[in-house]
There are 2 protein chains.
Amino acid sequence: MMGKLLVVGSMAFDSVRTPFGEASDVLGGSATYFSTAASFFTGVELIAVVGEDFPEQHVDFLRSRGIDLEGLERRKGKTFRWKGEYSYQLNEAQTLETHLNVLETFRPHIPDQYRTPQMLFLGNIDPELQLDVLEKVERPRIVACDTMNFWIEGKREALWRTLEKVDILVINDGEARALGEDSNLVQVAKRILSRGPKNLIIKRGEYGVLMFNEKHTFGAPALPLEQVKDPTGAGDTFAGGFMGHLASTGDYSNEGLRRAIIFGSVMASFTVEEFSLDRLRHLDKRQIEDRYREFRRLTHFEDI
Amino acid sequence: MMGKLLVVGSMAFDSVRTPFGEASDVLGGSATYFSTAASFFTGVELIAVVGEDFPEQHVDFLRSRGIDLEGLERRKGKTFRWKGEYSYQLNEAQTLETHLNVLETFRPHIPDQYRTPQMLFLGNIDPELQLDVLEKVERPRIVACDTMNFWIEGKREALWRTLEKVDILVINDGEARALGEDSNLVQVAKRILSRGPKNLIIKRGEYGVLMFNEKHTFGAPALPLEQVKDPTGAGDTFAGGFMGHLASTGDYSNEGLRRAIIFGSVMASFTVEEFSLDRLRHLDKRQIEDRYREFRRLTHFEDI
């Protein structure tokens, strides 16, 4: 096992409705999904904020996953809340309500013992805060980040300043097209790679994932699942599995990145099978490795 | 080289507008794309109808590809015409005009020498006509067919009667969901496979392809392309490359099917690079094999 993986992101209460059920005020947030998924592979340090209403049972769950919670700040006020719903077209959520609450004035504070991470994941927060975190730690071996259309549209220049210092950008296809200002993903990748990130990973939900870098393009379909109950958190889970596996091997080669992408896809495929993080609560390493092999069987074809 | 591949389908003049250009009254039609793609792998026999306005140069092109045109009927009246356009979201065409013309009263006539095909592809025509063709030939080793929402909605029972006798159904994801009456593709596959076809191949455009059968699921992404000018005919080209390669090897094993799916994907990836069949006009076997290897590099990842 290599050194630590540091994540900064959100923790939330989610209320979600899908054609297959609903859940109210359940555990959510990018840092939550990311750190839980990563915890199956490596040690994780978490920076996030919650309010006074955040129950101890959720903290206990994260602690039970071995996640270092020294950087979890509890502040006066309420925890970030998100409410959304999905139609049968599960690839895109419709946001019904967003209450930032304590997230609105969140300024990540980095505990001293977090200042030398091996890897850093900058979850989807204000790009200026992302840059601030990045500048306050000793340069990690790998820095990855996520973002969303809100920042791409509203803080494009700040976002580019952050991306200049990032190794891996992990976003969905709509965000990639918005950031790269082109409909063609190959052109989008060229543009983004020319401005900083050495790797661009594009999440496509039920259609899988693409990775572009200077030398290689990698594509993997998602595993067709018998049951998809709730896609919330799939992208953050993917990032957690991806970064967690990378941290555990320290293999940043092309082959290492590809394997890590499949582990990310494996973790996301579990998350969507239940609401909230419920599927991750009863998951073990053997099931994860079995599903990795299922991805191998899914995608294998022989040479000519 | 194994025996012949018989296709019945449409031939057309297409008028297409995409964000990258337009083309008027150019060569199109399901049988045209299918047979041209298949001709790179095997001998093809074609059953289709055109009108008096169909120029000899198009016939000459198909003949130059070695396609047997004994079953190409030329009738009084005009050739089938389709007019459509695509937005930047290239996965779905908006149909602007459809003039069936001679296709409206098309009743496939099967030349005597076509009655013992090794493989048969029933392109997207009335399912009653598909069944009629199937019943008039000696049972081929492999029968595959395509269809569209028009028949799924309008002639569902006739379509199921045809599908009961088909080995491989090749449709897009929207059609699969409509036919299987479920949003979940795994459930869709179970339902369709329980009623006849032993293999279901789901085309997902820029997202690639899935194949389901009793024992296996196979998934492959599409190759990210620097330039996509016109997606028209990609699905029929896929089917042609798939069936053509299968016919050339006679290997209907799971591995053989997977390889054929990649060859289908290879051919489709060429077609969309230019309008009409233009990219297929200057294509050779070496380019096809190079691109197969590109799909290998795209999708490869190591075991754990």
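How many bridges join strand S8 of chain B to strand S9 of chain B, and in which direction do the two run? There are 4 bridges between S8 (residues 119–122) and S9 (residues 142–145), and the two strands run parallel; strands here are DSSP runs of E of at least two residues, and helices are runs of H or I of at least four, numbered from the N terminus. What we have is a predicted model, in which local features need pLDDT of at least 70 and side-chain atom pairs count only at pLDDT 80 or more, while totals for chains, interfaces and linings use all residues. Residues are numbered from 1 along each chain as its sequence is written, and chains are lettered from A and ligands numbered from 1 in the order in which they are written.

To stay with chain B, Leu122(B) has Cys145(B) of S9(B) as its bridge partner. The open sheet has 9 strands in the order S5-S4-S1-S8-S9-S10-S11-S12-S13, with mixed pairing, where pairing requires at least two DSSP bridges between two strands. Strands S5 (68–74) and S13 (217–220) stand at the edges with a single partner strand each, so one side of each is left without a neighbour in the sheet.

Turning to chain A, helix H9 (residues 254–271) packs against helix H11 (residues 285–299) at about 110°, with the axes 9 Å apart; the axes are lines fitted to C-alpha atoms over the stretch in contact, and angles run from 0 to 180 degrees between N-to-C directions. H9(A) and H11(A) are therefore roughly perpendicular, a term covering 65 to 115 degrees.

How values were computed. Angles under 35 degrees count as roughly parallel, over 145 as roughly antiparallel, 65 to 115 as roughly perpendicular and the rest as oblique.
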